[in-house]
Amino acid sequence: MPRPTVAQLTYGSCTVICSTLAMLLLSQTSSGPGIAVVVVAAVALGLLVAMTVPVPKPSRAPVAGSTTRSVIRPAARSTASVPAGRPEPVTVPARAPVHASSVRASVASASEPVREPTAP
């Protein structure tokens with residue numbers, strides 16, 4: 001079972017607190033069983049709200065060993081084999097990841113210090 005998101009926890013908790021206060025104030029109950037019914041109803045309402053909060057879809061991360069990426073470009077107008085308005089897939093080589101250690105080593109081996117531009 002996936003863990004609840006921050007939005008689900010927040011909306012559910014706020015719903016439980018607000019609905020409990022509203023139902024206790026509106027019903028004006030002071031008996032134990034009445035308060036228990038209000039609390040159970042508020043928790044059920046909070047769970048319902050928390051479960052109906054839209055959950056973000058997981059992003060499609062590229063595969064770790066992949067060296068190419070598929071990009072879709074609009075089809076050229078002079079292409080007769082592809083219907084007009086339908087994009088054709090193009091394979092583009094992916095960039096190699098940059099590691100912090102290689103950046104530090106290249107900066108440390110620079111012949112002169114790196115200076116940032118100053119404002120005029």
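Me: What is the order of the elements of the protein chain from the N terminus on?
Reply: The elements run α-α-β-β-α, in a chain whose secondary structure comes to three helices and two strands. Helices (H or I, at least four residues) and strands (E, at least two) are DSSP runs, numbered from the N terminus. The model is a predicted one, in which local features need pLDDT of at least 70, side-chain atom pairs count only at pLDDT 80 or more, and totals for chains, interfaces and linings use all residues. Residues are numbered from 1 along each chain as its sequence is written, and side-chain values use heavy atoms, with hydrogens and water left out.

Me: What makes H1 roughly antiparallel to H2?
Reply: The axes of H1 (residues 6-27) and H2 (residues 32-52) come within 8 Å and cross at roughly 150 degrees. Angles over 145 degrees count as roughly antiparallel, and therefore H1 is described as roughly antiparallel to H2. The crossing of these helices is right-handed.

Me: Which residues make the contact between H1 and H2?
Reply: Contact means heavy atoms within 4.5 Å. On H1 the residues include Tyr11, Thr15, Ser19 and Met23; on H2 they include Ile35, Val38, Leu45 and Val49. The residues of this contact divide into 12 nonpolar, seven polar and no charged. Here Ala, Val, Leu, Ile, Met, Phe, Trp, Tyr, Cys and Pro count as nonpolar, Asp, Glu, Lys and Arg as charged, and the others, Gly among them, as polar.

Me: Why is threonine 15 called buried?
Reply: Buried means under 20% relative accessible area, exposed over 50%, and partly exposed in between (1.4 Å probe, protein chains only). Threonine 15 has a relative accessible area of 18%, and is therefore buried. Of the 120 residues of the protein chain, 9% count as buried.

Me: What does threonine 15 touch, not counting residues up to four places away in sequence?
Reply: Threonine 15, whose place is in helix H1, touches Thr20, Leu45, Gly46 and Val49. The C-alpha atoms of threonine 15 and leucine 45 are separated by 7.1 Å, although these residues are 30 residues apart along the chain.

Me: Why does glutamine 28 count as exposed?
Reply: Glutamine 28 is found in the loop between H1 and H2. Its relative accessibility is 67%, so glutamine 28 counts as exposed.

Me: What is the phi of glutamine 28?
Reply: Phi of glutamine 28 is near 50 degrees, a positive value in a residue other than glycine. Most residues other than glycine have a negative phi.

Notes:
Axes fitted to C-alpha atoms, helices over the stretch in contact; angles between N-to-C directions. Parallel < 35°, antiparallel > 145°, perpendicular 65-115°, else oblique. Left-handed = near helix turned anticlockwise from the far one by under 90°.
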